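Dear colleague,

Please find the structure below, handed over for your review. My notes on what was found in it follow directly after.

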Amino acid sequence: MDEVEDDLPTPDRTYYGDTVKIPGTGSAPNRCRGLSPVGFCEGGHVALGRSSCDTRYCPDHYLGWVRDGAASAVARLAAYRENAEGWGKRLLHLVASPEADRVSADRFWSMRSDAQDAVQAAGARGGYCIAHPYRTSDAADELFRTAVQEGNLSAETGRWTFLRRFAGGDWEKWQSMTEAGPHYHFLAPCEDFDPDAVPDGWVVKNVRSFSRFEKRDMESFEDMARAAWYLRTHGAAEEFRQTATWFGDVHPASFDPEEELGAVEWDCIQERAAEAVGVPMEEMRDGEGAKEERTCEVDDCEEILHDLDDLRMFTSDASWMRSIPPKRRHRLRAVEIWMFEESQKPPPSVRSSEAKVQDWLLETGRMYSDHSKQTGLKAFDQL
Ligand SMILES: [Zn+2]
Ligand SMILES: [Zn+2]
């Protein structure tokens, strides 16, 4: 009976469009929204910024979530391939699509296990599955084609990367550029691929096979990293649901890299995976020169900027402290109170504006400097 109900045409109101989104289309969580100190310059200025939350739904920081998951996916797949023999190392990018397109959110998630059955029937031993709720709309495809024709895009730019530039974190804009189209991507070890062995109601396609795996060859890590990264950027996002999952022989319950390869080898593979994934990260976030020396952005300052890790070293240097003006000294003191001692913290309303944070730092630092002095000197200090 359930089966029959599942097969009935699904009315629009149960369609998942309002529940299942893609990463980076929610609102920024409180912990990353406010400004906080991120560094200081040798002239004593405090630099402010927003710290990354690396959460899936944050429009500013979802790439951190993409990166972390891609790194662990590449590591597990690499370990599996390292441990396998001969053709067992072969890794394919497969896509499984059901005939249904407008389904409920629950159905969308439950179809993931049907998709896994379908690719296993086609010969996959298991693997990494990324659920995709949407396809790009005709209008979006047209926009992409035009940009390519006009030479505004490099050949490697993916369709979804391009669309992100238009829609950013705005879900309404995304809705105009996508349409329902549940399908499931797989990075799956597979020796012999047989698409005809797939059960009715499903189509499984082999997109490509990954370059040959060789643990000393960075390119074989990067090849997997690019795919895992890109597929995660537009995977399905709904609270309490995982965008990507493991199954079959590659699932953590079936394959333990540390046990199979030993701790040293596993560490080494994880490092290489992180390195491979780190490449697109630099490209997408900061561009080149992210590691260059940074300088203070206060007008006419241009002193070297340091991380907060170095602050204690500077403030304990009495001659450096004497060399900077009192207001800056107060602000640095407040940074210590806020970030290290955690005894005072500005309210969210203050953390929305750079000027307000700087004022708060001055007031707080002044108050604390005063309290730590003897009464006689306190009056003197306020002159
Ligand atoms: Zn964030
Ligand atoms: Zn400065």
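This is a predicted model: local features need pLDDT of at least 70, side-chain atom pairs count only at pLDDT 80 or more; totals for chains, interfaces and linings use all residues.

Of the contacts in the chain with a separation of 6 or more, 76% are accounted for by residues 24 or more positions apart.

The zinc site

The zinc ion (ligand 2) is coordinated by Cys41 (SG), His45 (ND1), Cys296 (SG) and Cys301 (SG), at 2.1 to 2.2 Å. The angles subtended by these four donor atoms are 102 to 114°, which makes the arrangement tetrahedral. For reference, the ideal angle for four tetrahedral donors is 109.5 degrees. Along the sequence, the donor residues follow the spacing C-x3-H-x250-C-x4-C.

Helices 5 and 6

The axes of helix 5 (residues 138-149) and helix 6 (residues 159-167) come within 10 Å and cross at roughly 100°. Angles of 65 to 115 degrees count as roughly perpendicular, and the two helices are therefore described in that way. On the helix 5 side, the contact involves Ala140, Asp141, Leu143, Phe144 and Ala147; these meet Arg159, Phe162, Leu163 and Phe166 in helix 6. By class, the residues of this contact are seven nonpolar, no polar and two charged.

The buried residues of helix 6 are Trp160, Phe162, Leu163, Arg164 and Ala167. Their cover includes helix 3 (62-83), strand 4 (126-136), helix 5, helix 7 (171-177), strand 5 (178-189) and helix 8 (218-233). Just after helix 6, Gly168 takes a positive phi of about 55°.

Most residues other than glycine have a negative phi. Asp54, however, has a positive phi near 55°. Asp54 is found in the loop between strand 2 (46-49) and helix 3, and counts as partly exposed because its relative accessibility is 25%. Glu302, likewise not a glycine, has a positive phi of about 60°. Glu302 is found in the loop between helix 10 and strand 8; with a relative accessibility of 63%, Glu302 counts as exposed.

With kind regards

Notes:
Residues are numbered from 1 along each chain as its sequence is written. Chains are lettered from A and ligands numbered from 1 in the order in which they are written. Side-chain values use heavy atoms; hydrogens and water are left out. Donors are N, O and S atoms within 2.8 Å of the metal (3.2 Å for Na, K and Ca); water is not among the atoms, so sites may look incomplete. Four donors count as tetrahedral if all angles lie between 85 and 135 degrees; four count as square planar and six as octahedral if opposite donors are over 155 degrees apart and all others between 65 and 115; anything else is irregular. Axes are lines fitted to C-alpha atoms, for helices over the stretch in contact, and angles run from 0 to 180 degrees between N-to-C directions. Helices (H or I, at least four residues) and strands (E, at least two) are DSSP runs, numbered from the N terminus. Angles under 35 degrees count as roughly parallel, over 145 as roughly antiparallel, 65 to 115 as roughly perpendicular and the rest as oblique. Contact means heavy atoms within 4.5 Å. Ala, Val, Leu, Ile, Met, Phe, Trp, Tyr, Cys and Pro count as nonpolar, Asp, Glu, Lys and Arg as charged, and the others, Gly among them, as polar. Buried means under 20% relative accessible area, exposed over 50%, partly exposed in between (1.4 Å probe, protein chains only).
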